[in-house]
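I opened this one to get my bearings and kept short notes along the way. Here is what I looked up, entry by entry.

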Amino acid sequence: MNENGSTFLILSPGRIVILYAAMAVGLIMASNPMVLKAAHPLTFVLFEGSLFVVLTSALLYVLIRHYTGEVQLSRDLFYKAFQISPDSININRLSDGAFIHVNEGFSLMSGYGEAEVIGKTPRHIRLWKNPEDQFELAALLERHGSVDNQTATFRKKNGALVTGILSARLVTLNGEKCAITIVRDITERIRAEEEIQQLVYYDAETGLPNQNLLMDRLNQIIALGSREHRSSAIIYIGLSGVTSIVDAFGHGGSRDIARALAERFQALLRQSDTVARISRDEFVIVLGGLVQEPDIATILSKLQTMFSEPVALPQGEMMVTAAMGVACFPADGFTTDILLQNAHIAMNQAREQEAANRFQFFSGELNSRAFERHQIEASMLRGIEDNEFYLCYQPKVSVESGNVTGMEALLRWKRPGSGVISPAKFIPIAEENGMIVKLGEWALRSACSQCRSWQDAGLPPLQVSVNISTRQLRDNLFVEKVLAILLQTGFAPENLELELTESALMGDMDDTVTKLLKLKEKGITISIDDFGTGYSSLSYLKHLPIDKIKIDRSFVSEIVSRSDDAALVDAIIAMANSLHLAVVAEGVETAEQLEYFKRRKCREIQGFFYSRPLEAHLFEDFIRTGTALPARDASTGGTANPGPAGTETGPLPLPLASSPPASPAALAEHLGEILLHPLPVAPSDTIPAALSRFQNDRELLVLPVVENGGVVGILNRATFLEEHVIGRHGFGFHINHSKRIKDLMSPVELILDAHTSIEEAARAIQLRECRLARIDNICATMSGRYAGVVDVKKLVNAMAEINISLAKGANPLTGLPGNASIQREITGHLESGRAFDIAYIDIDNFKPFNDCYGFQRGDVVIKALAEITERVVKRSPTNDNIFYGHIGGDDFILITPPHGAQILVNEIVREFEGHLPLFHGDADYGAKCYNAVNRKGEQETFGLLSLSIGIVNTLLMPINSYAQLASLATEVKKAAKSLPGSAVVANKRLR
């Protein structure tokens with residue numbers, strides 16, 4: 001018997017040996033009966049036989065003892081492994097299913113002890129949750145003899161359920177067929193996986209699907225819609241007022257709002273719909289099933305009703321409003337990313353509406369506006385660094401005297417390749433992203449500096465008004481910054497007027513009053529801009545330290561024809577007079593409007609009747625021609641009250657200013673400006689989806705295939721329709737309807753960055769033209785993400801315009817590229833990131849040379865230097881990579897690869913000095929000097945003409961902006977001019 005009492009050996013090794021010996025001796029005696037008859041031989045035979053039996057018995061005893069020990073050890077090891085295994089192990093008879101043996105793992109998992117189950121069946125203790133699973137296991141064992149990794153659920157003694165992975169084998173024990181079953185408990189692992197799944201795919205606060213699950217379900221709906229030609233829609237919901245709730249009740253209030261809205265959403269929507277929370281204050285609803293336009297309208301109506309009702313919170317009832325954007329599949333996009341993007345664009349558009357709980361359907365126009373906004377926002381910071389912003393000045397005129405009393409500085413932006421961008425486009429964006437603070441400080445500094453320069457040049461001191469944004473006024477250091485700019489520029493405070501809107505003055509009234517009083521103490525004038533469009537409150541006018549109000553142009557435009565506008569303006573003027581405030585009328589364009597304000601004793605007017613906003617040099621010309629302006633009729637350009645024929649009344653009239661010369665606004669410089677923006681398709685989209693796009697839009701030539709933002713292929717209209725669908729490849733729509741776009745798309749042969757210049761793009765296309773299957777397959781990206789496809793016609797036109805512009809921009813004296821081309825070239829080098837040398841060439845003492853020898857001789861010098869530069873460059877082996885131009889006057893420029901300028905300018909200096917006898921004549925050249933009048937009007941002796949050349953090597957000192965380059969160039973030119981004779985100075989390596 002073993003330790004469990006079971007019999008495993010009937011005889012011990014000793015008994016087996018004795019039995020063997022007895023049987024052997026008996027066998028020996030029986031096999032030799034004649035031996036018994038002989039007396040003496042009997043003893044020998046018995047001895048010989050007994051010896052053999054003893055030896056074999058001993059050997060047999062050893063072998064049996066060893067074998068039984070091994071068997072006992074194996075049985076002990078098996079029994080211990082059976083008992084200590086953490087998995088549940090049980091042995092059941094196959095005939096009746098009764099338990100024969102169970103281990104401790106079984107007891108732990110099921111809660112039943114061994115004594116409670118031996119002799120019973122699993123059905124008696126209701127072990128299986130689903131009895132069908134037990135029958136299926138028995139059938140599989142009968143059929144295959146084994147089962148592996150089958151998942152089953154069991155019921156414990158206390159009724160709790162556990163899930164396990166089961167493996168079983170058929171064995172024969174004591175002649176009976178049995179099943180050994182091993183079960184590993186995976187209940188905790190499944191629970192952990194479910195928790196992870198919940199965290200990955202569901203919002204922790206509301207239990208709603210999050211963005212991950214939303215994208216998965218939206219992909220499924222799009223795939224189903226593509227196969228079955230179903231429409232669908234998504235509604236992007238942005239909440240308003242959540243920030244104020246957080247401020248009042250903390251993040252717990254935000255959580256309570258989200259949970260309450262989640263319950264409302266789930267009660268409102270259909271079973272086939274999905275609502276997901278993708279951020280603290282944004283939800284997305286995906287409409288599933290069959291979706292028709294009336295269904296969308298019904299859902300939107302229900303949502304508006306839902307948001308019109310207060311939300312009950314532990315802290316009390318709260319109103320939460322929302323803006324909703326709708327994008328429809330397939331009309332507004334074929335991929336999840338595009339649909340969500342377009343719905344978000346529509347939601348942002350809905351936010352701009354005044355009504356609460358408003359909604360907006362997406363349209364292509366909204367997409368274009370969003371793309372334009374992104375382009376403006378991305379280019380704004382670089383525009384500041386590259387001096388793309390500038391100021392225009394619009395004069396203010398005294399109604400009574402006609403004299404110019406001041407001007408308003410107006411911010412403008414001339415973006416390369418886009419022309420002048422309207423302030424109505426970039427100012428609101430700058431206010432939203434905070435860039436207005438930097439722009440506002442730049443405008444204030446520039447205006448003060450420019451006006452100080454005009455005063456130093458002899459122009460009368462005029463008061464300049466500068467607009468101040470709300471963000472600037474809220475800055476704690478606003479007053480200090482304004483006073484610091486006045487000090488640095490040397491501009492008098494009494495000549496500065498700060499214009500603030502009514503909305504900027506609201507908020508922290510005490511802080512606003514304190515700041516404005518500090519500025520007024522210094523003599524600065526404060527005015528309210530666009531008065532009448534905001535609060536227009538008499539109470540704040542009484543309490544704010546202001547000096548002027550400006551009547552908004554919206555009231556002035558129809559003041560003669562609309563009595564209500566006239567009544568409102570009369571009231572504003574009367575109110576201002578009672579408070580001793582000056583009044584300025586904006587937007588005056590006709591003599592009738594001027595006469596209206598004259599009769600009402602308005603102090604100043606501003607508008608196109610006298611002048612449009614002018615660039616600085618045009619405004620200076622405008623002021624220098626006189627100080628009084630006769631009233632002019634904007635429609636005819638003539639004076640309103642002319643004198644007798646052939647005469648003019650009053651002082652010399654200032655010229656009627658026109659708008660600033662338009663630099664080629666339509667002249668594209670970068671690839672991003674000539675792109676088409678067709679909505680892309682995904683590789684997983686179906687062929688019918690692409691075919692319908694081409695059939696519905698006859699102008700659509702290519703469809704980019706985009707995955708994860710990157711361009712992975714292209715569908716060209718000609719190739720797709722003519723070759724793949726009906727053409728030589730043998731495909732037909734009846735064959736292709738089940739295919740995916742990835743099966744038929746062509747590889748993208750050329751992808752260019754949207755910031756690539758037109759010239760570089762043309763060169764890249766030209767280099768690959770022989771390998772390009774179709775030139776209209778070229779795509780563009782921004783930061784590696786799809787931005788559009790190249791419009792080939794626009795590319796060709798842009799190249800032609802650039803060539804025309806370059807020809808027009810040539811310097812008329814030398815024929816070399818002028819300022820516009822030079823700036824374009826420098827900007828291109830800076831944007832490319834490639835290192836280069838730039839040499840600034842200046843003729844020393846050229847003014848006294850002109851005074852002494854005459855301008856015709858001066859022109860000879862300029863032309864000669866141009867010819868010398870051109871000749872030296874053409875001799876250079878790298879002349880294809882060298883640019884040279886004539887800035888104007890006696891200034892030239894040379895751009896070469898790194899370390900290439902020094903050799904060239906040395907040759908230019910040598911050849912230039914060889915021309916000095918021609919320039920000065922033999923006498924002065926022999927004397928090495930000449931006499932001329934200096935700037936003080938005195939005779940002075942000057943040396944012969946020489947060249948001062950400053951070289952900036954951007955490999956030695958990296959340059960990030962045009963302003964930085966100009967600053968460094970000024971330093972090296974100054975250093976060169978400080979040396980006698982011709983000198984070349986280059987910047988040093990950055991340490």
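This is a predicted model: local features need pLDDT of at least 70, side-chain atom pairs count only at pLDDT 80 or more; totals for chains, interfaces and linings use all residues.

Entry 1: I count two residues as in contact when heavy atoms of theirs lie within 4.5 Å. Leaving aside its neighbours within four places in sequence, Met380 is in contact with Phe389, Trp413, Phe426, Ile429, Ala430, Asn433, Met435 and Leu439. I then checked for a second core, and there is a separate one of 35 residues, which includes Phe846, Phe849, Leu894 and Leu945. Back to Met380: it is one of the residues with the most contacts inside the largest nonpolar core, along with Tyr393, Leu496 and Phe597. That core has 78 residues. Helix α14 (residues 435–456) gives the most to it, 9 residues.

**Entry 2: the whole chain.** I stepped back for the totals. I find 35 helices and 35 strands in the chain. The chain has 991 residues, and 44% of them are buried. Of the contacts with a separation of 6 or more, 64% are between residues 24 or more positions apart.

**Entry 3: α13 against α14.** From α13, Ile427, Ala430, Glu431 and Asn433 meet Met435, Ile436 and Leu439 of α14. By class I get 5 nonpolar, 1 polar and 1 charged residues in this contact.

**Entry 4: strand β14.** How many of the 12 residues of β14 (residues 404–415) are buried? I get 10, so the strand is largely enclosed by the rest of the structure. Next I went through its partners.

- Strand β13 (residues 389–398) pairs with β14 in the antiparallel sense, over 9 bridges. Leu391 stands opposite Leu411 in β14. The hairpin of β13 and β14 has 5 residues between the strands, and Gly402 there takes a positive phi near 80°.
- Strand β15 (residues 419–421) runs antiparallel to β14, joined by 3 bridges. I noted Val420 in β15 as the bridge partner of Lys414. In this hairpin there are 3 residues between the strands, and Gly417 has a positive phi near 90°.
- Strand β16 (residues 463–468) pairs with β14 in the parallel sense, over 4 bridges. Here Gly406 has Gln463 in β16 as its bridge partner.

**Entry 5: Thr525.** Is Thr525 buried or exposed? Its relative accessibility is 13%, and buried means under 20%, so Thr525 counts as buried. Leaving aside neighbours within four places in sequence, Thr525 is in contact with Gln463, Leu496, Glu497, Leu498, Asp547 and Lys548.

**Entry 6: a sheet of 5 strands.** I traced an open sheet in the order β7-β8-β6-β11-β12, with mixed pairing. Its edge strands are β7 (274–279) and β12 (358–361), each pairing on one side only. From one strand to the next, the twist averages 20°. Inside the sheet, β6 (residues 232–240) and β11 (residues 321–329) pair in the antiparallel sense over 9 bridges. Ser232 stands opposite Phe329 in β11. Helix α11 (residues 336–351) packs on this sheet and touches β6, β8 (282–287), β11 and β12. The direction of α11 makes about 145° with that of β11.

**Entry 7: a sheet of 4 strands.** I found another open sheet, in the order β23-β28-β27-β26, also with mixed pairing. The edges are β23 (675–676) and β26 (751–753). β26 and strand β27 (residues 779–782) run parallel, joined by 3 bridges, and Leu752 stands opposite Ala780 in β27.

**Entry 8: α31 and α32.** Last, I looked at helix α31 (residues 846–853) and helix α32 (residues 855–875). They pack at an angle of about 135°, their axes 7 Å apart, and are therefore oblique to each other. Phe846, Phe849, Asn850 and Tyr853 of α31 meet Phe855, Arg857, Gly858, Val861 and Ile862 of α32. The contact has 6 nonpolar, 2 polar and 1 charged residues. Lys847 is also in α31, and at 49% relative accessibility Lys847 counts as partly exposed. I also checked Lys847 against Gly889, 42 residues apart along the chain: their C-alpha atoms are separated by 9.8 Å.

Methods:
Residues are numbered from 1 along each chain as its sequence is written. Side-chain values use heavy atoms; hydrogens and water are left out. Two strands pair if DSSP finds at least two bridges between them. Helices (H or I, at least four residues) and strands (E, at least two) are DSSP runs, numbered from the N terminus. Axes are lines fitted to C-alpha atoms, for helices over the stretch in contact, and angles run from 0 to 180 degrees between N-to-C directions. Angles under 35 degrees count as roughly parallel, over 145 as roughly antiparallel, 65 to 115 as roughly perpendicular and the rest as oblique. Ala, Val, Leu, Ile, Met, Phe, Trp, Tyr, Cys and Pro count as nonpolar, Asp, Glu, Lys and Arg as charged, and the others, Gly among them, as polar. A nonpolar core is a set of buried Ala, Val, Leu, Ile, Met, Phe, Trp, Tyr and Cys residues joined through side-chain atoms within 4.5 Å. Buried means under 20% relative accessible area, exposed over 50%, partly exposed in between (1.4 Å probe, protein chains only).
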